[in-house]
Amino acid sequence: MFKEILQKCIQGEQLTEKEATSAMDEIMSGAATHSQIASLLTVLRFRGETLDEMVGFAKSMKQHSISIPHNEKGVIDTCGTGGDHAKTFNISTATAIVLSSLGVTVAKHGNRSVSSKSGSADVLEQLNIQIQTSPEEAAVVLKEKKMSFLFAPLYHVAMKNVAIPRKELGFRSIFNLLGPLTNPANAEAQLIGVFDEKHGAIMAKTLRELGVKRAMLVTGAEGLDEISISTNTFVTELKEGEISQYVLTPEDVSLPRGPLTDIQVNSPKESAEIILNVFQGGNNETARNIVAFNAGAALYIANKVSSIEEGVKEVTKAIANKTVYEQFINLQEERLEIIDA
């Protein structure tokens, strides 16, 4: 089957959703060889992916992943494609903690560092926030603490079959796009950072087909896979089945611009220090503002506020009155309470 699919792709033909699902089923089950996987990834990188292919691949990946057994409503994820090489601190992780402090249920999907200086798992360890070790534990924390961290390798076990081809190829592949689309908690809303704005529309359309209700896919003009505080941000928004695209600036939400150098780091330790500085009301204004910008947008996507600017104001207030810092301390105590329970 896989050889026929490869032959079709080499001839310039596109896969149907069913064919894409079958191809990914073979990859996830270990039936496809490393050379076959590498060939498919290379072809797709050159010609680009269609919507049917993205949907088929994503559905297969979700079927081969482990889900979180929870009953929470309005779950949101703040995740990114990675690969922007901007060396910024873990903005999406800080954003997740902020959201949970404001009553939003967050299933933060992430991994260790691959292309950045600090992955979500790396910085959480530095912040002394435990990573849940089972889906059951994650479900408990999601309910009690409003935030779980879903360590990707624990839930996407079948991804081990593509690890070697991805590493040997060394370039971004469709898996960079698919990862954020396959949240194990089936998040209803998502704020996704994308390394290139040209992928925003097809990712939004894929999320719509997967049943996601609200989403915002963002790329800073400098290539940041976050909402930028330094320049314009390209946005693709999914709302009530409709997809729109626009440009967002710090001035649109009454925030001043700040230099990228203020938020760049060289290690997970430095990333954790900036996050703590923000939560404690420190003097890194650029860091505080980019967290407020991204978390404010997430509040909007979660239907907690009517506009991004209103969300930014709510986040700024929560940081100033220590609501965020108190939730940070609450999350640090998480493992002890579960063990005692």
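Visitor: What covers the buried residues of α12?

Guide: Before the answer, a word on the source: this is a predicted model, in which local features need pLDDT of at least 70, side-chain atom pairs count only at pLDDT 80 or more, and totals for chains, interfaces and linings use all residues. Residues are numbered from 1 along each chain as its sequence is written, and side-chain values use heavy atoms, with hydrogens and water left out.

The cover over the buried residues of α12 includes α5 (91-101), α6 (120-126), α13 (285-301), α14 (308-320) and α15 (323-332), where contact means heavy atoms within 4.5 Å. Helices (H or I, at least four residues) and strands (E, at least two) are DSSP runs, numbered from the N terminus. Helix α12 itself takes in residues 268-279, twelve residues in total, and from its first C-alpha to its last it reaches 17 Å, close to the 16 Å expected at 1.5 Å a residue; the expected span is 1.5 Å times one less than the number of residues.

The buried residues of α12 are Ser271, Ala272, Ile274, Ile275, Val278 and Phe279. They lie on the same side of α12, because they cover an arc of only 160° around the axis, the arc being that of the directions from the helix axis to the C-beta atoms. Buried here means under 20% relative accessible area, exposed over 50%, and partly exposed in between (1.4 Å probe, protein chains only). Just after α12 comes glycine 281, which takes a positive phi of about 75°.

From Phe279 the view widens to the largest nonpolar core, which has 58 residues and in which Phe279 is among those with the most contacts, together with Ile76, Phe89, Met216, Ile290, Phe293 and Ile308. Helix α13, part of the cover named above, gives the most to this core, with eleven residues. A nonpolar core is a set of buried Ala, Val, Leu, Ile, Met, Phe, Trp, Tyr and Cys residues joined through side-chain atoms within 4.5 Å. Not counting residues up to four places away in sequence, methionine 216 touches several residues, including Leu191, Ile227, Tyr246, Ala297, Ile301 and Ile308. There is also a second, separate core of 39 residues, which includes Leu40, Leu44, Met61 and Met159.

Another helix in the cover, α15, holds glutamine 327, which is buried, with a relative accessible area of 9%. Leaving aside residues up to four places away in sequence, glutamine 327 touches Ile97, Ser100, Ser101 and Lys145. Glutamine 327 and methionine 147 are 180 residues apart in sequence, yet their C-alpha atoms are 10.0 Å apart in space.

Strand β3 (residues 147-151) is mostly covered, with four of its five residues buried. It pairs with strand β2 (residues 106-110) in the parallel sense over five bridges, pairing being assigned if DSSP finds at least two bridges between two strands. In this arrangement glycine 110 stands opposite phenylalanine 151 in β3.
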